[in-house]
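My notes follow as numbered points, so please keep the structure open as you read.

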Amino acid sequence: MIPAEFDYLAPDSLEEALEALATGGEDARALAGGHSLLPLMKLRLAAPTLLVDLRRVPGLGGVARENGTVRIGAMSTHHEVSAAGLGLASTAAGTIADQQVRNCGTLGGTLAHGDPASDMPAVLMALEGTITAMAPGGASREIAATEFFKDYLETALAQHELITEIRFPATEGWGYGYEKFNRRQEDWALVAVSALVRQEGGVCSDVRIGLTHMANTPLRATAVEDALRGQPLSPENIAAAARHAADGTSPPADLNASQEYKRHLATVLTQRALTQASR
Amino acid sequence: MSVADQPKFVGQPMRRKEDPRLLTGRARYVDDITPQGTLWCTFVRSSEAHARIVSIDTSLAEQRDDVMAVFTGEDMEALGILDALPMAWVPPGVEVRNAPHWPLASGEVNFVGDPVAVVIGEGRYAMQDAAEEVFVEYEPLPAVTDIERALQDGSAIVHEEFGTNEVHQWSLGGGEDLEATLAASDVVVERRVVNHRISGAPIEPRGVVAEPRGTGLTLTSSTQVPHFVRLFLALLLGESEEKVRVIAPEVGGGFGAKLQVCGEEILLAACARKLTRPLKWIETRSEHMMVTHHGRDQIAYVRMGAKRDGTLTAIHSRIVADMGAYLMLLTPTIPALGAFVMSGCYKFAAVQTDITGVYTNKCPTDAIRGAGRPEATHMIEVCMDQLADELGMDRLELRRKNFFTEFPAETALGIVYDSGNYHGTLDKLLEHFDQAAFEQEKQDAAGRGRLRGVGFSTYTEICGLAPSRVTGPQGFGLQTGLWESAMVRVHFTGAVTAYTGASPHGQGQETTFAQVIADRLGVDPANVEIMHGDTASGPHGLGTYGSRTTAVGGEAIVRATNKVADKAKQIVANLLEAAPEDIEVAGGKFSVKGSPEKGMTLAEVAGAAFIPDENWPEGMEPGLEETAFFDPSNFVFPFGAHACVVEVDPETGDVDVIRYVAVDDCGPAINPKLIDGQVHGGIAHSLGQALYERIHYDEEGQLITGTFVDYCLPSAADLPSYETDRTETPSPVNELGVKGIGEAGTIAATAAVTNAVIDALRPAGVTYMDMPLTPNRIWEALRGTHTETGGGSSGEARRDGDRRETQ
């Protein structure tokens, strides 16, 4: 639990932070809330040579709604997201670990970390959100969540790019459900399912399902979506669609859950999340 | 005994005197102590489960400016370490194969974490870096992690010199002929019961500060047994015992994990002596999970027999117990402790336990809260339910039919249970747990698609370690006495300082002992300070473990206090011209019976004792201070009845603990609040083992559960609120009539939880399950599959018709 030696900077502006990362070499890392990176460093599974702490950088916080879009600053904490009344995103953020972690951990940090067991990556995929990244020099680009997560702890973020904000379309008119299964309250999900359902006259007009920890990246359960879209939202139809939740997945097994069990959990949780979202 | 009026403080739910300092951050733990000039120690630990050490290259680390020294296993002689680490059990007539275990391994490593070098220098972080610059070349050897495979021909051998992994065989039995009794039974239930490996996981890991001073040495350690540590420091380092001082400062939980004489303690002391500098080592959580002794890890083959009418006949358990890679202080004794209560609360005609200890390439096991008795109670109480099911008999009726009802009660083993009232605790439990209402709740749960079940555990356990003649060299074979000491010192002002040889570390005896003394001397507990954990003050003591501190150490306190009170009475009688036997402690005074206006406070008595004048009794020593030692005539046997209600989600296998009700009897309560606290913590420990925790190694001997991410220690958010109640049946073994309570909850609870889960799953066809009762395993049991793999013993599940489903 003792990290290796590293340098530390806490710049006062985004420009300085990007500059510090750009000149800090390939082992320079940005530090947001520190609740993913610092534990890895303490276990010496990560050993960055420079940490660029973003806590003093202005303009990276806040949650705003503008023209049907929700915009969340990258340094917004999970607690802030959970308290922002954003439906699915707030509900999911409120289940992350415990209150102390939610007070420190950030949305930008968890996305950049790219852990498929974390809650928010799959939630953002279900929300069809985007991630805004800025490179040294100030060039900014927007990356769709569906394109962002590449592999276990690997994202589309380029070396020394920083996430500045997260956007997704507001979900007025959508029902949502979030079902997370873990062994202890503060654990990462063995499997979690986020569901968004839009209905017209009891018929599912659109549906999106995000799967957490069913692969090395977050996933969309497109087979479930395709099976349910256009169908009446009856318990039978929901159950039938949910049976496709694990289609094509090859979830990582661990001590707590075999692959088969996780595939089973995905169907159970999908059915429950869809039922919630269809109320 | 001389408490004439009603006890004023004993029996009261006083708040703990310890808590203000603990809760406001003013307590002092090992890591708060850094003498001037302290150097840090970091251990280089084996990455291999079993390997020959080809070479250790320390040169790069030694070249660092901040490194003062690096020592390896080859330096033991140079450091003046005279002998290997102690193992304190020499059972008469039993061969125990004890592999030499030195503070640093040399030649061979035998488990992941086995220390091979220590790096000493400036700064904790720098020494962590320096330790990474020590290069160890290993030649891997085959490893074995499964105890049953370890005993088979062709297994990898942990310690080649023995040619076998078998450590020892030890048996305890009594009563009628076992096999004949089983053969004459109408029903015999046979189960393979797996009790998996767990960690003690105290909040504060271990830590040591070693400080050479003058011609001696002071060692500050997070330990439960400072006097043991001093003795072995003296013996292993060739120091005279009086020159070694061991201090246990505030200790942030032990749970048995600090009932040990650790290699780190011996090594730091030796290195500090060599380097003439204070040295410090604070264990990291990762180290704790890897190298601080684990608990449990045994497989028991249980046979339990009964007549058709439910009369129990015999219980036999053949236990294979994992010792890990080395024998620590008490490693092979732990399963044997359970054998003493293998009769449970029940009148078996024949009781037999046969234990085989086994070496594996895993961290050594030793005492963890309950130490052998949780395993025994688990197998007895789970098998009682299995037997009831087999007999088609109500589970509680089967228990009641076989309870001991007359006390003292001698079991078939010849063990004498001091006192008990088993029907009483069960009756009281059923006042809190309405069986008819439960049946309705079960129906309601079924309507919601949930499986509700209740499990019971009616237990007794053996604690208050211990009568030395029973446990000592000619008896059980422990190379120590297990008495306890106390010294009670009255100051000039009538304030009191008392020293206990026990070493409480969260159990609250600074409060309860003060209550006991206050009543006997007519003072306020606020003015009674209990000192412990420093070998330089107070008499020799044996430490805190085995639920012994109040039952043995408390009685020593009582006896020392009574001596003080007796002397005070003589002083008062002399001054007030009354007979000593007419003096009583009443209303905060030593006064003459029938004349309460004639009396002296303890302060007045102390004043007379500190400045003896012409009225001082002829020949009486001045001062007011007494010492007592107490070696009990028997163990004490707390008991109780627990009920656990669970609800299982059959779709996911998730278990919710809905209620946990515990009725325990540890004799007359000194402080009911503290008893509740001990019971709560004890149950939490077992809910953890039953539902969440498991130390897991892979087949190559790599530790998989090395952090709290993988080792599922539950938090408060995962645990229920407990409902507790008591009955009070005095023990005849000590004046207070008290029995231990620190381990009782842990000993009782795994069976209650397991029986509850099996009860819930029974309608779905599952009739037996081993712990840990994880969602994945329950889901598999419900489906009748089992896919678990990995090193170490795996549990099993049974479905209707005893169709066994193992891996």
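1. The buried residues of helix H10 of chain A pack against helix H9 (222–228) and helix H11 (259–277) of that chain. In H10(A), which covers residues 235–242, the buried residues are A:Ile238, A:Ala241 and A:Ala242. Looking down the axis of H10(A), you will find them within an arc of 100°, so they line one face of the helix. The arc is taken from the directions that lead from the helix axis to the C-beta atoms. Buried means 20 or more other C-beta atoms within 10 Å of a residue's own, exposed means 12 or fewer, and partly exposed is in between, with C-beta atoms placed from the backbone. Helices (H or I, at least four residues) and strands (E, at least two) are DSSP runs, numbered from the N terminus.

2. A word on the basis of these notes: this is a predicted model, in which local features need pLDDT of at least 70, side-chain atom pairs count only at pLDDT 80 or more, and totals for chains, interfaces and linings use all residues. Residues are numbered from 1 along each chain as its sequence is written, while chains are lettered from A and ligands numbered from 1 in the order in which they are written.

3. Chain A also has an open sheet of 5 strands, in the order S4-S5-S10-S6-S7, with antiparallel pairing. Strands pair here if DSSP finds at least two bridges between them. At the edges are S4 (63–66) and S7 (140–144) of chain A, each pairing on one side only. From one strand to the next, the twist averages 25°. S4(A) and S5(A), residues 69–73, are joined by 4 bridges, and A:Val63 stands opposite A:Ile72 there.

4. Which residues of H16(B) meet H17(B)? They are B:Ala568, B:Ile571, B:Val572 and B:Leu575, facing B:Leu602, B:Val605, B:Ala608 and B:Ala609 in H17(B). Contact means C-beta atoms, placed from the backbone, within 7 Å. The axes of H16(B) (549–576) and H17(B) (602–610) come within 10 Å and cross at roughly 85°, which makes the two helices roughly perpendicular; that label covers 65 to 115 degrees, with under 35 roughly parallel, over 145 roughly antiparallel and the rest oblique. By class, the contact has 8 nonpolar, no polar and no charged residues. Ala, Val, Leu, Ile, Met, Phe, Trp, Tyr, Cys and Pro count as nonpolar, Asp, Glu, Lys and Arg as charged, and the others, Gly among them, as polar.

5. Helices H10 (residues 373–391) and H11 (residues 395–402) of chain B are also roughly perpendicular, with axes that come within 9 Å and cross at roughly 110°. Axes are lines fitted to C-alpha atoms, for helices over the stretch in contact, and angles run from 0 to 180 degrees between N-to-C directions. This contact has 5 nonpolar, no polar and 3 charged residues.

6. Finally, the two chains touch through 23 residues from chain B and 18 residues from chain A. On the chain B side, H3(B) gives the largest share, 4 residues.
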